[in-house]
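Visitor: I would like to learn how to read helix packing in a model. Please take me through an example.

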Amino acid sequence: MEDQTTKIKQIKEWLGSGSINIFGLPFSGKDTHGKELAAMLNGPLIGGGDILRSNLVPQHVTDAINKGHLAPTDDYKEIVLPYLAQEKYAGKPLVLSSVGRWLGEEKSVLSATEAAGHPIKCVIYLKISNDEVWKRWKANKRERHDDNAEHILEKRFSEFEEKTIPVVTEYRKLGLLMEIDGSPAEPIVTAEIINQLHKFIS
């Protein structure tokens, strides 16, 4: 049986300067496992939400995000997609955290990454239940557990189901999707991502 180091090396060779996009509910581990994967592949982790929060964006976009909504598609594409073509990322693989979460945005993301030299080669969907999200949310001491925070999380559930699951479905139709159970402990999920990616490329 091939060890993890060998598998990671083969995954890196297969990915080249391509990209992997990771989707999942809040607290599913997108950023945690995205950072791990980025470190293994020697590439950056890029999150659409992080890009929006770190740029000067229109107030209506900020208001939407703060209420748990997704950024309007036109604003999202205008702000996020050009970011992927920066010179500092040239020749490097990209790990994307939920870039393009609204049905239809996946087409623009596929085109933008292709044009930037980082074609999407795999999409990972970290699946966890709503109950598991609540469990992790309550255990997160940094989160303010007030009525407004609970309302925002509920809104994110509905946004994910209505807008992002259809995106995941589109990637499945394209043969790019890889589903991972995100509920076990972090090391188990990490190992499963590597194993499933290795199977995916072969």
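Guide: Start with handedness. A crossing is left-handed if the near helix is turned anticlockwise from the far one by less than a right angle, and right-handed if clockwise. Here α2 and α9 cross in the right-handed sense.

Visitor: Which residues of α2 and α9 meet there?

Guide: Contact means heavy atoms within 4.5 Å. From α2 come T32, H33, E36, L37 and M40. They meet E186, V189, T190, I193, I194 and L197 of α9. By class, this contact of α2 with α9 holds six nonpolar, three polar and two charged residues. Ala, Val, Leu, Ile, Met, Phe, Trp, Tyr, Cys and Pro count as nonpolar; Asp, Glu, Lys and Arg as charged; the others, Gly among them, as polar.

Visitor: What should I know about the model and its numbering before going on?

Guide: This is a predicted model, in which local features need pLDDT of at least 70 and side-chain atom pairs count only at pLDDT 80 or more, while totals for chains, interfaces and linings use all residues. Residues are numbered from 1 along each chain as its sequence is written, and side-chain values use heavy atoms, with hydrogens and water left out.

Visitor: At what angle do α2 and α9 pack?

Guide: Axes are lines fitted to C-alpha atoms, for helices over the stretch in contact, and angles run from 0 to 180 degrees between N-to-C directions. Helix α2 (residues 30–41) and helix α9 (residues 186–201) pack at about 50°, with axes 11 Å apart. Under 35 degrees is roughly parallel, over 145 roughly antiparallel, 65 to 115 roughly perpendicular, and the rest oblique. So α2 and α9 are oblique to each other.

Visitor: How does α1 cross α9?

Guide: Helix α1 spans residues 4–15. The axes of α1 and α9 come within 10 Å and cross at roughly 50°. This pair is therefore oblique. The crossing of α1 and α9 is left-handed. Q4, K7, I8, Q10, I11 and W14 of α1 make the contact with A191, I194, N195, L197, H198, F200 and I201 of α9. The classes are eight nonpolar, four polar and one charged.

Visitor: What is the overall secondary structure of the protein?

Guide: Helices (H or I, at least four residues) and strands (E, at least two) are DSSP runs, numbered from the N terminus. The protein has nine helices and five strands. Along the sequence the pattern is α-β-α-β-α-α-α-β-α-β-α-α-β-α.

Visitor: Is T113 buried or exposed?

Guide: Buried means under 20% relative accessible area, exposed over 50%, partly exposed in between (1.4 Å probe, protein chains only). T113 has a relative accessible area of 1%, so T113 is buried. T113 sits in helix α6 (residues 105–115). Leaving out residues up to four places away in sequence, T113 touches S19, L84, L96, H118, P119 and I120. Across the protein, buried residues make up 46% of the 202 residues.

Visitor: Which backbone angles deserve a look?

Guide: Check for positive phi in residues other than glycine. F27 has phi near 70°. F27 lies in the loop between β1 (19–24) and α2. With a relative accessible area of 25%, F27 is partly exposed. N42 has a positive phi of about 60° and is not a glycine. The loop between α2 and β2 (45–47) holds N42. N42 is exposed, at 52% relative accessible area.
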